[in-house]
Amino acid sequence: MEKYIENIIRPKIQGDGGEVNFSSFDGEELTLIFRGECSKCLILDRCVKWIEEEIKKDMNLNVKITAVRKKPFFWDN
Amino acid sequence: MAHIKVTRRSMRPEEWTALRFGWLKRYIIEDKYEINTLEIRDARQVSEMKYEYYSDEYRPLKRGDMYFTPDGTAFIRGTVTVPESLKGKELWFTLKTAAEIIVKVNGKYVGGVDPNRDRILLSGYIDSDELHFEMQGYNRSKPDDERNPESLSVRGCRQIFEGAYLASVNHDVLDLVYDFEVLLDIAGSELFNEDYRAFLNKNLNIAMNFIDFDSGEKLTGVKQAKEYIENVIYANTDYKGNGSVALVAHSHLDLAYYWRRIHTVQKNLRTVLIQLRLMDRYPQFKYTHTQAYTYETLEKYYPDVFRELKQKIKDGRFEPVGAMYVEPDCNIPCAESLIRQCLYGQNYFKEKFGIKVNNCWLPDVFGNSWILPQILKKSGVDYFVSNKMSTWNDTNRFPHNNFIWRGIDGSEVYACVPPTHFITWNMPSQIQENWEAYQDKNTGGQTMSMFGYGDGGSGVTEEMLEMMKRFDKISVMPKTEHMGGKEFLEKNLKNNKELKKWDGELYLEMHRGTFTTKSVLKQFNRRLEYKLREAEIISVLRAAVGIRYPKEVLTQCYKKLLINQFHDIIPGSHINPVYKDAVEDYEWIDKQLELILNADTSENYFNSLNFKRNCLTFIENEKGKNIRHGKNGFWCVPNLPALGCGKLSDATTDKSDWIKTGETVETPYYSIKFAKDASMLSLYDKQLKREWVSGEFNKLKIYADNPGVYDAWDILPNYKEKELGFDIVTPLKLLGKNSEVCEFTATVKIGESTWQRIIRLFKNSRAIEVENIVDWREKHKLVKAEYDCNVLTREAVCDTSAGFIKRETHSNTSWQQARFEVCHHKWCDLAETDGGVALINEGKYGVSFDENKMALSLLRATERPDTQSDMGRHDFCYMILPHSGSFVDAGINKTAFEYNIPIVKSDVSCSNNFDGLFLQAMKMSENGDMVVVRLSEQDGKRGELTFPKPVKILNMLEEVTGESDKISYKPFEIITIGI
């Protein structure tokens, strides 16, 4: 899962000015850290759902993603 | 008694007008028919015109469906028959979207929709009731679209499809909407006369009262409202405005920024297409577009649109502006790179459109080097346009907008720094703001206001042109005139004797971090600039003995280098994929140049410098016992003649009695006391009998670097307020010594990062080299190497790549205070009349001076736009060079060339060494007719060159301007000759 997030999902997120890093996965719950533009995206939930769908499609796994936003200090207000 | 602020809670009349204005806009679309047959295929662009698809098949796309993916491109298609209700009417296509979508109908490009526009006129472009749509969309989180508040609400990677429609437009309503839009902007702007605004608020309310919003689908009162506005508001001349503003249409297009260069191919197509379609509808509309590279991609991938564009250029309506190949950063690229920007740009415009562009158009560039005017002038460019200094300076107001810019060599160009931003939407308040900010009202003629959405292209909208049609009817507005870029410059600046003059660099008092951010790119850039020089010179000399000159590869390499000098690539202000693209490009260039250079199997080494090479140099060699930049080699003084070759051998032995190590290190030149972190407590010069250290010297200084949103761009004036420490992991120790060099090393820990420094002392050189090997894992830290020199001076001298610039080291006035971080090239120097200290680098551009201190900026750790910026391994060197006399007497510039230009193996030589000038370039001319030699005076001297027989005198576009066997040159002059 970590490799999938790093190699398949991350480049796409980076391509949009965002950043995603794997944090943990217990077989069902996947925790991802979102930085960059993602950290303040108003519709991140849509993107998270898309990642869940991609994991289902590519890995045949049903996961529930917990998205953790880490904003840089200048957006952290 | 407590003061109670009285707040009006009920609706004000102007709010009532604004509310109804929103209602009025709902009636623009008279009739619409939803296209229910659309299908979509999600993809991701992986290179120019190549895509990876998420599925093999298209899927249906219905209103309410999710569409677009992160970094996604979508292909949408569908066929629809025009319904009876719309037949015979002017037909439009509407799609409200956050994406940037190019629309083709029945094989014809009809236009584009994006966050700034949601309608495309179909009538006139279709000849059938059966319409087949093909759309290509690209979606982005566009940070700068915050300028357009309407687009802010629709940002994000995953979008909800709001439906696509065939529609007809109610032109009476639309016309009235534009009247309200232009007048409401004035009514809401404090820049305009208060009484007029009250007059507007009152009468716009009355005009709106004519409309009966309860009258059903067909509004009544629209014509009466329009008549009222014409007869009462537009007819009123009691209130007078003043000023004269030229409105120049333009769209700023970053080749890479929050998107990769591969995406710009479509961004450019969409932008061009939109302007062409507006030209079809608005015969007076003229538009300016920069960057030969963008025309090249359009020609390559969209020849139909390019043909149309070519015709519009011929008609004088679509105007190529900016003579350069791309809009480069103008701090970091060296003189030859800037010349090539002009050469390749102008050659393209000449070849494809038969024109020479007489202006340089760089609206968004982060300051401009003093060397530019000469380069422009000798590249057929008389005018220079750049906006940033007026709108972004953080300390001083740049004093001119229309003026003459005098360059380092005395060359002059007409310059325009428009008073306001290069992205505006042509609203009256923006035009008024431009006029009020204009500082050359009495001398400069009209002021330039650029309009059009940009950064990622997009450009002019119908609204902007409709606004413009109304300006003449509004008495409080400045007089406006829509014109082209060249037209504006020639009308207002040409032969204008009143213009004031600015002599010096056009320093931008902002974005000072871009000299340092993304260190690796800067290092690549410097190395490859000189490697290209080497490859061209060697290839010319080989051609003289019949070996084919690899023109195509060299041109490809140069163009790739120039693209990566774009003002959001080399400065480091971009997302991570852009960085990866740049590194990939640099590695490709490097490989191509290696193939060229390695074609020679000679054992001889060639000196491409046109002076004898006598500085100690590191020669890479597998058998060498020393290691530098991770490669084996040996140190030697080459003593190679100017443009000559010879053998070099490794004479290194283990004998090291030239140096004494201990508490004080003794070399033939210095007695040095080191601190444990490799900084120097004392650097006593035995030859010059003086101490060079006055405080912290060769000390790593780590500062909290928190510039805010402009993270990659800025270093703030107060960065020194919070200094962070480091821990010494390995105190200074002897690493090794031999007959040529003695190395010490120390390693410190900065946060999570390790920073090793290797100090090299030499037997045969006064130079002291510092190699830095860093594993960098920080956030928001700036590292500098600081040198508190025992030197009394009020000015520092910095290399510009084509001569030097002197900068004050005091902070007497706000102008010096603002220059707390500046750009330099290969070296900087602090000196008294009889000696000083120079720092020579191999790819560091940021430096600061404070009285007798100089501090080279080494690394930053920014998070926006790239969370990974500068993370990872770095290996870079620089050299400390104490010297006698001035920097000219000490030959600092020549030493810096030797330091930056490696010696390569080749068995070539040249009999003419152009003594006194620096051989900046030697290449085959673009037409292949002659050898072009570019020579640069860099010490501030005059002189004369003589040749055995007459040579052609060329401009920088390689056009012959004369012929002579004798050429006089003046300080900092760049001369191009053809042989």
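This is a predicted model: local features need pLDDT of at least 70, side-chain atom pairs count only at pLDDT 80 or more; totals for chains, interfaces and linings use all residues.

Q: Okay, which helices do the buried residues of H4(B) pack against?
A: In chain B, the buried residues of H4(B) pack against helix H1 (13-25), helix H3 (171-187) and helix H5 (222-234).

Q: How many residues does helix H4 of chain B have, and how far does it reach?
A: Helix H4 of chain B runs over residues 194-209, which is 16 residues, and from its first C-alpha to its last it reaches 23 Å, close to the 22 Å expected at 1.5 Å a residue.

Q: And which residues in H4(B) are buried?
A: The buried residues in H4(B) are B:Tyr196, B:Arg197, B:Leu200, B:Leu204, B:Ala207 and B:Met208. Seen down the axis of H4(B), these buried residues fall within an arc of 95 degrees, so they line one face of the helix.

Q: Why would residues a few places apart point the same way?
A: An α-helix has 3.6 residues a turn, so residues three or four places apart point the same way.

Q: What is exposed on the other side of H4(B)?
A: On that other side, B:Glu194, B:Asp195 and B:Ala198 are exposed.

Q: Let's look at the H5(B) partner then; how do the axes of H4(B) and H5(B) cross?
A: The axes of H4(B) and H5(B) come within 8 Å and cross at roughly 155 degrees, and the two helices are therefore roughly antiparallel to each other. The crossing in which H4(B) passes H5(B) is right-handed. On the H4(B) side the contact is made by B:Leu200, B:Asn203, B:Ile206, B:Ala207 and B:Met208, and on the H5(B) side by B:Ala225, B:Tyr228, B:Ile229, B:Val232 and B:Ile233.

Q: Which residues are buried in H5(B) itself?
A: In H5(B), the buried residues are B:Val222, B:Ala225, B:Tyr228, B:Ile229 and B:Ile233. They cover an arc of only 120 degrees around the axis, which puts them on the same side of H5(B), while B:Glu227 and B:Asn231 are exposed on the other side. The buried residues of H5(B) pack against H3 and H4 of chain B.

Q: Back to B:Met208: what does it touch, leaving out residues up to four places away in sequence?
A: With those residues not counted, B:Met208 touches B:Thr17, B:Arg20 and B:Ala225. B:Met208 is buried, with 24 other C-beta atoms within 10 Å.

Q: New topic: how do helices H16 and H17 of chain B cross?
A: The axes of helix H16 (residues 551-563) and helix H17 (residues 576-597) of chain B come within 10 Å and cross at roughly 155 degrees, and H16(B) and H17(B) are therefore roughly antiparallel to each other. H16(B) passes H17(B) in a left-handed crossing. B:Val553, B:Cys557, B:Lys560 and B:Leu561 of H16(B) make the contact with B:Asp585, B:Trp588, B:Ile589, B:Gln592, B:Leu593 and B:Ile596 of H17(B).

Q: Last one, over in chain A: where is A:Arg46 found, and what is it in contact with beyond its neighbours within four places in sequence?
A: A:Arg46 is found in helix H2 (residues 44-59) of chain A. Leaving those neighbours aside, A:Arg46 is in contact with B:Met66, B:Gly156 and B:Arg158. With 16 C-beta neighbours inside 10 Å, A:Arg46 counts as partly exposed.

Note on methods:
Residues are numbered from 1 along each chain as its sequence is written. Chains are lettered from A and ligands numbered from 1 in the order in which they are written. Helices (H or I, at least four residues) and strands (E, at least two) are DSSP runs, numbered from the N terminus. The expected span of a helix is 1.5 Å times one less than its number of residues. A residue is buried if 20 or more other C-beta atoms lie within 10 Å of its own, exposed if 12 or fewer, and partly exposed in between; C-beta atoms are placed from the backbone. The arc is that of the directions from the helix axis to the C-beta atoms. Two residues are in contact if their C-beta atoms, placed from the backbone, lie within 7 Å. Axes are lines fitted to C-alpha atoms, for helices over the stretch in contact, and angles run from 0 to 180 degrees between N-to-C directions. Angles under 35 degrees count as roughly parallel, over 145 as roughly antiparallel, 65 to 115 as roughly perpendicular and the rest as oblique. A crossing is left-handed if the near helix is turned anticlockwise from the far one by less than a right angle, and right-handed if clockwise.
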